Amino acid sequence: MTIRSDEAAAMLADVDSVVARVKQSRIYRNAALIILLWGVVDLVRDALIAVGPRWFGPRWFLVDLIGVAGTIAILRFGASAAGRFPLRVLAAFALFYAFGWIWSDLLGQFGPREEMAFWPTLFLFGYALIGLAFGVAFSAIGLGLTALILAGYLWSGEAFILWQAFVTGFGFMLCGLWMRRA
């Protein structure tokens, strides 16, 4: 039995399609775990800020370190399945953080409310950009949650801290669950 060249090309295209779907599924699965983790971290951090804003102000970074450590662990676990650790992803996080620090603390001298709006929207902007290469779910999460954060910043008044805890905490968790199904 011989296979014509057009049949072979069609079979190879099918294989390429399956490989692309598996790759995207793995990316979505790891990203969903990271988003779920950051939903919990954001919810805890923002709830602690609401309870003790004076005490917690300079200590928010400690809670975020838990999220960074968890993100690295998830990437490391995902790398064992893929065969290599994604150093470029860590470099991208580091660059985003350095950019954010320069603008929020060094040049911008943001107040607490501005800091609470700036940091999640900075990383959500990254999600929106990632969506251009890895799937529309990332862009939908980035743009949708950014719109909710901006609405809260503009219109929630004194309830902004609780709004942030709800939007970034539960919003990330719901988006992570949604991505696990995508």
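Ile 72 lies in helix α3. Helices here are DSSP runs of H or I with at least four residues, and strands are runs of E with at least two, numbered from the N terminus. The relative accessible area of Ile 72 is 35%, so this residue is partly exposed; buried means under 20%, exposed over 50%, and partly exposed in between, with a 1.4 Å probe and protein chains only.

The model is predicted: local features need pLDDT of at least 70 and side-chain atom pairs count only at pLDDT 80 or more, while totals for chains, interfaces and linings use all residues. Residues are numbered from 1 along each chain as its sequence is written, and side-chain values use heavy atoms, with hydrogens and water left out.

The protein has seven helices and zero strands. Of its 182 residues, 35% are buried.

**The nonpolar patch**

Ile 72 belongs to a nonpolar surface patch, whose members also include Phe 61, Leu 62, Trp 101 and Leu 107. Together the patch residues have about 1100 Å² of accessible area, computed by the Shrake-Rupley method with a 1.4 Å probe, where only the protein chains shown count as cover for residues. Patch residues have over 30% relative accessible area and no salt bridge; nonpolar side chains (Val, Leu, Ile, Met, Phe, Trp, Tyr) are joined within 5 Å, and like charges within 9 Å. A salt bridge is a side-chain nitrogen of Lys or Arg within 4 Å of a carboxyl oxygen of Asp or Glu. Helices α3 (60-82) and α4 (87-107) each supply at least two residues of the patch. The largest contribution is from α4, with seven residues.

**Helix packing**

Helix α4 also packs against α5 (residues 112-134), and α6 (residues 136-155) packs against α7 (residues 160-181).

| Helix pair | Angle | Axis separation |
|---|---|---|
| α4 and α5 | about 150° | 11 Å |
| α6 and α7 | about 165° | 10 Å |

Axes are lines fitted to C-alpha atoms, for helices over the stretch in contact, and angles run from 0 to 180 degrees between N-to-C directions. The helices α4 and α5 are therefore roughly antiparallel, and so are α6 and α7. Angles over 145 degrees count as roughly antiparallel, under 35 as roughly parallel, 65 to 115 as roughly perpendicular and the rest as oblique. The crossing of α4 past α5 is right-handed, as is that of α6 past α7. Right-handed means that the near helix is turned clockwise from the far one by less than a right angle, left-handed that it is turned anticlockwise.

Gln 109 sits in the loop between α4 and α5. Its phi is positive, about 50°, although Gln 109 is not a glycine. Most residues other than glycine have a negative phi. Gln 109 is exposed because its relative accessibility is 59%.
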